[in-house]
Structure formats: structure tokens, C-alpha cells
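Thanks, everyone. I'll keep this brief. Please have a look at the model first.

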Amino acid sequence: QSSVMLGYLGRIEGLGHINLGIQKARYTGRQRDGRSGLVTTSRDAPWLYNAVLTWDVTSVVSAYAGTESGLEDSGVAPESALNRAEQLSATRTRQFEGGLRWKIGKMQAVVSAFEITKAYFSYDAQRRFVRLGTVRHRGVEGSVSGRLGKRLSLVVGAVAMQPRVSGPGVDARVLGRRPTGTPDIHAKLDANYRTDLFNGITATASVNYVSRRAVTSAPVVGGTRQLMLKGTATVDLGFREQFEIGSTPASVRVLLLNAFDAKAWKVAAANTLYPDERRRFSLTVTADF
């Protein structure tokens, strides 16, 4: 994939700035099946654009709105498809977004609304993995990051959205209205607390939550709803410490991942699950020579 881009960035101090861009992209995807020798290709050469306008409402509050189009590699059809290993066509995307940013002392908060649309691939009635419709992700997201006092650093963020599939596959009831593996809510908290122990050891904690999501691409036989996977939350705990080995700077990091040993599944693809990782321990030592 290659592109040639022309962009413009303008700013008026105290008022805001504007960012405009246009590009000509060229994409070629080529896949060779090692078993059959079959070669499949995909090509696209669209014009893409982006435009973002930011307004400095006050010295600590700014508002922004923007839109952009993009091009994504869709990969190849999965092993469980009739057309497995076939190169899929590139996906054109379109996004609209608008929101506010606040600076609150050493903290920053961001809240925005967004809508993203792109092609949706899944299994048709013959078990071929092809484009069957369009998926739209519409929702809101927010985050707060920065320092509280001299010791605690926080990053908290969440996305709440309504992912929906539309198109001929949904109309023919080959697809459900929910995209496979996409949750309505995804939230994460990362915290670091620096102590005075052992020359400033830092304790770390991370909490990750993913809400319920669809497992099957099509409605369950005889019904109108898809099979759903329940929401899960995991907690990671650890610490890190910087020290010296002679005159060489070094650090050690210890992590207990999935500390409470939550049992969960990951949606690898439509109708395909594998067990998520359970409790595990990690020790990393690094040095800068």
C-alpha cells in the first residue's frame, strides 16, 4: 500500500486550528495458498481525505470536530471458510467525530461522540467468507489521565457504543444485527503509585472490562437473536523498580496477570472461540548498556 498526500495545517493563537488533507492511495493484496498454489489478489486506488477543526473555547477547554476516510487491509478468509486463504478486498472506512478536551491541573479529560462505518465480512449460506453488509459503530468515549498528587498516576477510559450490521445479509437473515466479537462497552483503568520503599518502588494495577458480545454471525436456528458471550473483567497487579548495576541503569518489572484467575473466552472469528489466558506471572529485567 502506498499513497501521496497533500496536507494543510493552520493555527490562529487563542482561537484554534484546522487540519486538512487529501491523498491518493494505491493498494494491492496478494495471497498464495501453499496447499493448492492458488493465487488471489485485491486492488483498490481510492481518494482519501481528512478534515479536523479545533476551537479553543477557553485556555483550558477546547472543542473539536472532524471527519476522515481510510483504507484497511481485510486480510484473508479464515480456515473454516469454503474459500479459506482467499485474499479479501480492501475495506474503505469513514469516520465522523466531535468532542471536548479539558485541562484540569495536571489532569486532562476528553469526551467525544463518534460514528465509524466500514464493510462487514462473514459467512454466506454456502460458508464462503465474503462481504455481506456494512457495520456501523456509533457511540461515545471518554478518558481522564494525569497525576493526582505527587505519587499517583491514572489513566481511565471507556467506550460505550452501539455496533450494528446492515445490508443484504441481515435482510436475508444470514447475519444477525450485531457484529461478531464487538462489545457494547469496553473500559480500562491503569494506576501507578510511587512509594518510598527501596528507592522508589512503583506499584501498578490495571482493570480491564469487556461487556457481552456476539459469538455467532447468524441468529440461532429457530430464533432471531445471536449466541452471546457474557462480559468479563480482569485485574493485573505488579510493581517496577529502577536501579543500577554498577554504573549501568537497569529496571525490574514483576506482573501478576489476571490476578483473580477469571475464566473467559475470546472470539477469534465468527463461530470461533478459544480460551483466554488464565492467571500467569511475568518477571522482566532490562538494562541500558
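First, the ground rules. This is a predicted model, where local features need pLDDT of at least 70, side-chain atom pairs count only at pLDDT 80 or more, and totals for chains, interfaces and linings use all residues. Residues are numbered from 1 along each chain as its sequence is written, and side-chain values use heavy atoms, with hydrogens and water left out.

Confidence next. pLDDT is the predictor's confidence in each residue, from 0 to 100. The protein averages 92, and 100% of the residues score at least 70. Which elements mark the two ends of the range in mean pLDDT? Strand β4 (residues 47–56) has the highest, 97, and strand β16 (residues 265–269) the lowest, 87.

Now the overall picture. The protein has one helix and 18 strands. Both are DSSP runs numbered from the N terminus: helices are H or I with at least four residues, strands are E with at least two. The C-alpha trace spans about 65 × 50 × 45 Å along its principal axes. There are 289 residues, and 34% of them count as buried. Buried means under 20% relative accessible area, exposed means over 50%, and partly exposed is in between, with a 1.4 Å probe and protein chains only.

On to contacts, meaning heavy atoms within 4.5 Å. Take contacts between residues at least 6 apart in sequence: 51% of them join residues at least 24 apart.

Now the rings. Phe, Tyr and Trp rings (for Trp, the six-membered ring) pair if their centres lie within 6.5 Å; planes under 30 degrees apart are stacked, over 60 edge-to-face, and the rest tilted. How many aromatic pairs does that rule give? Two. F121 and F129 are stacked, because their ring centres are 6.5 Å apart and their planes sit at 15 degrees. Y123 and F129 are edge-to-face, because their centres are 5.3 Å apart and their planes sit at 75 degrees. Together, ring pairs link F121, Y123 and F129 into a cluster. F121 and F129 are both buried. F129 has a relative accessible area of 12%. Y123 is buried too, at 3%.

Y123 also has a charge over its ring. The rule is NZ of Lys or CZ of Arg within 6 Å of the ring centre and within 35 degrees of the ring normal. R127 lies over the face of Y123, 4.0 Å from the ring centre. R101 does likewise over Y64, at 4.3 Å.

S211 is in the loop between β11 (202–210) and β12 (213–214). Is S211 buried or exposed? Buried, because its relative accessible area is 6%. A polar atom of the S211 side chain lies 3.1 Å from the backbone nitrogen of D184. Leaving out residues up to four places away in sequence, S211 touches P183, D184, I185 and G231.

A65 is in strand β5 (residues 61–72). A65 counts as partly exposed, at 42% relative accessibility. With the sequence neighbours up to four places away left out, A65 touches A51, V52, L53, E97 and G98.

Conventions
A polar contact is a pair of N or O atoms within 3.5 Å; within protein, one must be able to donate a hydrogen and the other to accept it, and residues adjacent in sequence count only if both atoms are side-chain atoms.
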